Amino acid sequence: MIEKIKPLLEIQNLDMQILEIQNNFRELPEKIFSLNNRIKSEETKIENLSQKVVELESISINLQNDITDIEDKVKANTEKVMRVKTKEELEALEKETGDLKRRKIEIEDKQIKAMEEMETCKKDSDASNTSFEEEILPMKSEISELEKVLNESKEEVGLLDDERSKLIKEVDKDFLKIYERLSSNNKPPIIAETSGEVCGHCNMKIPPQVYIKVLQGKEIVLAPCCKKIIIPKIA
Ligand SMILES: [Zn+2]
């Protein structure tokens with residue numbers, strides 16, 4: 001029986017190597033994903049800021065045009081005043097000019113606010129650009145490093161899997177079935193060597209009647225302590 005178990009030990013060895021690699025790199029995809037998200041959100045932030053600056057620039061230009069229009073009208077009114085004939089006409093013109101000047105002050109206030117906001121956006125945009133270069137850009141090379149490591153580990157697992165597939169062909173089918181069934185519910189190792197009357201996996205003492213069965217090697221024996229397949233120590 002022990003001869004049938006031996007190839008399974010080799011498979012188990014591969015399974016443990018595969019598991020170890022997979023454990024080491026389990027968190028990589030998540031990490032790459034979150035780095036990518038961080039980059040994307042910073043890029044969006046910078047894009048939004050420069051879009052806002054463009055919008056405010058256009059608002060400011062429109063307001064300046066409104067101001068120029070009002071100034072032209074006020075100037076025209078000043079000339080009209082010279083030619084008015086009645087008191088009513090004069091009053092109406094003066095009222096219109098007064099309204100225009102008040103309107104101009106309102107628009108100038110708006111323009112100042114737009115320009116102040118634009119300055120703030122420009123400063124934010126500069127700061128974001130600087131931090132992008134210092135903090136975010138290095139993340140891109142970090143990502144490609146992580147991707148490289150991840151791909152290498154996948155390749156490594158692939159090679160071990162190939163080796164495993166070759167070994168499987170040489171294993172006793174019934175024993176393989178038992179091994180696979182136990183593997184589906186348990187982490188490797190599935191098979192443990194004994195050391196004297198002690199379980200090689202968890203170091204618990206094996207009851208003598210069980211140990212006798214192990215030594216007889218006529219059937220598969222599960223350790224009472226950890227339910228691993230226990231086998232005599234292989235010299
Ligand atoms: Zn045990």
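Start with the largest nonpolar core. This is a predicted model, and that core holds 19 residues. Which of them touch the most other members? They are I5, L8, I11, I191 and I229. Four elements each supply at least two residues: α1 (2–25), α3 (87–168), α4 (173–185) and β3. Of these, α1 gives the most, with seven residues. As background, nonpolar side chains tend to be buried together in soluble globular proteins.

Take I191 from that list. I191 sits in strand β1. Buried or exposed? I191 is buried, because its relative accessible area is 3% and the limit for buried is under 20%. Now look along the chain from there. D66 is 125 residues away from I191 in sequence, and the two C-alpha atoms are 87 Å apart in space.

For reference, the ideal angle for four tetrahedral donors is 109.5 degrees.

What does the pair C202 and C226 tie together? C202 is in the loop between β2 (198–199) and α5 (208–216), while C226 is in the loop between α5 and β3 (229–231), so the pair links parts that are 24 residues apart in sequence. Their accessibility is worth a look. C202 counts as partly exposed, at 30% relative accessibility. C226 is buried, with a relative accessible area of 19%. The limit for buried is under 20%, so C226 falls inside it.

How many cavities of 30 Å³ or more does the whole structure hold? The search finds one. The largest cavity has a volume of about 30 Å³. Its lining is made of L182, N186, I190, C226, K227 and K228. By class, that lining divides into three nonpolar, one polar and two charged residues.

Look at its backbone. Phi of K227 is near 60°, a positive value in a residue other than glycine. K227 lies in the loop between α5 and β3. At a relative accessible area of 51%, K227 is exposed, because the limit for exposed is over 50%.

N203 has a positive phi of about 65°, and N203 is not a glycine. Where is it? N203 is in the loop between β2 and α5. N203 is exposed, with a relative accessible area of 61%.

One more backbone feature. The peptide bond from P188 to P189 is cis, with omega near 5°. P189 has its place in the loop between α4 and β1 (191–195). To put these features in context, most residues other than glycine have a negative phi, and most peptide bonds are trans.

Last stop, helix α3. K104 lies in helix α3. K104 is partly exposed, with a relative accessible area of 21%. From K104 to I230 is 126 residues in sequence and 94 Å in space, C-alpha to C-alpha.

Further on in the numbering, K123 is found in helix α3. K123 counts as exposed, at 60% relative accessibility.

Then E135, found in helix α3. E135 is partly exposed, with a relative accessible area of 45%. E135 and Q64 are 71 residues apart in sequence, and their C-alpha atoms are 39 Å apart in space.

To recap. The largest nonpolar core has 19 residues, with α1 giving the most. The cis peptide bond runs from P188 to P189. Questions, please.

Conventions:
Residues numbered from 1 in each chain as written. Predicted model: local features only at pLDDT ≥ 70, side-chain atom pairs only at ≥ 80, totals over all residues. Heavy atoms only, no water. 1 Å grid on protein atoms, 1.4 Å probe; cavity = no way out; pocket = protein on both sides within 12 Å on 5 of 7 lines; lining within 4 Å. Points joined across faces, edges and corners; volume = space filled by probe spheres on them. Nonpolar A, V, L, I, M, F, W, Y, C, P; charged D, E, K, R; others polar. Buried < 20%, exposed > 50% of the residue type's maximum accessible area, 1.4 Å probe, protein only. Core = buried A, V, L, I, M, F, W, Y, C linked by side-chain atoms within 4.5 Å.
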